[in-house]
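Work through the exercises below with the sequence and the coordinates at hand. Each task is followed by a solution in steps.

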Amino acid sequence: MKRIAIVILNWNGRQMLEKYLPSVVAHSSHLATVYIADNASTDDSVDFLRREYPQLPLILLDQNYGFAEGYNRALQETKEEFLLLLNSDIEVSEGWLEPMLVFLDEHPDYAACQPKLRSIFDRSAFEYAGASGGYIDKWGYPYCRGRIFDTVERDAGQYDDIVDIHWATGAALMVRRDDFFAVGGLDARFFAHQEEIDFCWRLRLAGRRLACIPASVVYHVGGGTLPKSNPMKTFLNFRNNLTMLYKNLPADELPSTMRIRLLLDLLAALQTLLLNRNLADCMAIIRGRRAYRQWRKDFEGDRQRIQQNRRISGCEEKHQHSILWQYYARGKRHFSQLSEKIIQKNSVKVL
């Protein structure tokens with residue numbers, strides 16, 4: 001049996017499959033079994049797959065479970081040692097699997113890794129969703145080597161070293177099967193957005209490590225599910241980010257962080273309304289905060305279990321600087337422009 005299960009979760013993505021699945025099959029089948037998990041699509045995705053790729057195993061879900069639960073259910077149907085969650089809008093390159101497989105074989109203390117993501121529209125630039133590895137700042141804002149907020153860098157090899165990261169992108173996430181299920185998989189309640197950051201945070205709190213392997217390169221369309229300005233995406237990002245903080249932050253940091261986030265989120269809503277004149281996104285931020293408050297009690301048990309089992313201290317789980325301050329006040333738009341102290345803290349090189 002092959003050691004890697006590549007699972008592509010599809011929902012009404014026939015065009016994406018037709019365009020990008022050929023590269024996955026061509027450059028992966030020697031090492032991996034490529035599964036397509038279908039979230040009850042209403043287009044002709046399944047008919048297309050049965051006709052054009054009869055050799056690929058199909059996992060047919062009975063309804064659209066979203067990204068998180070869709071993957072939880074689909075991955076249970078596989079048996080391979082390594083699980084690789086791959087978006088349908090990714091084109092892979094020749095030899096992309098070997099560097100990640102070799103790394104995980106040689107470093108048993110690492111649970112997961114990701115390749116370097118470049119944009120399929122500009123192949124010399126990083127891609128927003130994961131670039132060359134993800135981090136979390138003091139207030140819970142995610143950013144990447146190669147992408148801070150909406151500033152995306154060109155890839156000139158500046159982030160080609162293998163480093164520890166806080167989170168690996170869900171667009172192309174390779175994880176040991178045992179580790180995935182040991183921490184409970186993806187949180188299905190998130191439905192979509194930031195669920196991979198929450199998952200990776202739980203891995204790290206359990207004492208496991210993650211890395212970016214830039215020798216592995218893939219090309220990502222990005223925004224394949226929802227465009228950046230979509231109010232539903234804004235709602236999910238704010239609700240899920242706050243929930244992630246509630247679940248994973250240590251008790252001595254949670255109250256102060258949530259007070260600051262309330263202020264920052266209100267400022268974000270005002271900026272969206274007054275400067276961007278976007279009432280829909282402004283209301284989505286407010287609805288996201290309200291939804292978090294309403295369902296927070298549902299996560300009390302999760303928080304208790306995570307805190308009881310945590311193996312690293314609060315100062316290790318995220319960075320103690322504000323990326324907002326670095327970006328807007330100090331004008332540090334690129335990861336490489338951050339102070340040496342921050343870069344060294346971020347980029348723990350793997351020997």
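**Exercise 1. Overall dimensions**

Task: Decide whether the radius of gyration of the protein chain agrees with that of a compact globule or departs from it.

Solution. The model is a predicted one. For 351 residues, a compact globule would have a radius of gyration near 20 Å. The protein chain has 19 Å, so the value agrees with the globule rule. Along the principal axes, the C-alpha trace spans about 55 × 45 × 40 Å. As for content, the chain has 13 helices and 13 strands, and 60% of its 351 residues count as buried.

**Exercise 2. Helix α6**

Task: Determine how many residues of helix α6 are buried, and say what follows for the place of the helix.

Solution. Helix α6 covers residues 195-205. The cut-off for buried is under 20% relative accessible area. By this cut-off 11 of the 11 residues are buried, so α6 is largely enclosed by the rest of the structure. Among them are the charged residues E195, E196, D198, R202 and R204, as well as I197, F199 and W201. After the helix comes G207, with a positive phi near 90°.

**Exercise 3. Salt bridges of R3**

Task: Find which residues form salt bridges with R3, and state how far apart in sequence the linked parts are.

Solution. Begin with E81: its salt bridge with R3 has the closest N and O atoms 3.0 Å apart. R3 is in the segment before β1 (4-10) and E81 in the loop between α3 (66-75) and β4 (82-86), so this pair ties together parts 78 residues apart in sequence.

Next take D105, where the closest N and O atoms of the salt bridge with R3 are 2.8 Å apart. D105 lies in helix α4 (residues 97-106), so here the parts tied together are 102 residues apart in sequence.

Finally, check accessibility. R3 counts as partly exposed at 31%, E81 at 39% and D105 at 40%.

**Exercise 4. The partner of D155**

Task: Is D155 buried or exposed, and which residue forms a salt bridge with D155?

Solution. D155 has a relative accessible area of 13% and is therefore buried. The salt bridge is with R118, the closest N and O atoms being 2.8 Å apart. Elsewhere, salt bridges with shared partners join D187, R189, D198, R202, K247, D302 and R305 into one network. In total the structure holds 23 salt bridges.

Key:
Residues are numbered from 1 along each chain as its sequence is written. This is a predicted model: local features need pLDDT of at least 70, side-chain atom pairs count only at pLDDT 80 or more; totals for chains, interfaces and linings use all residues. Side-chain values use heavy atoms; hydrogens and water are left out. Helices (H or I, at least four residues) and strands (E, at least two) are DSSP runs, numbered from the N terminus. The radius of gyration is taken over C-alpha atoms; the globule rule is 2.2 Å times the number of residues to the power 0.38. Buried means under 20% relative accessible area, exposed over 50%, partly exposed in between (1.4 Å probe, protein chains only). A salt bridge is a side-chain nitrogen of Lys or Arg within 4 Å of a carboxyl oxygen of Asp or Glu.
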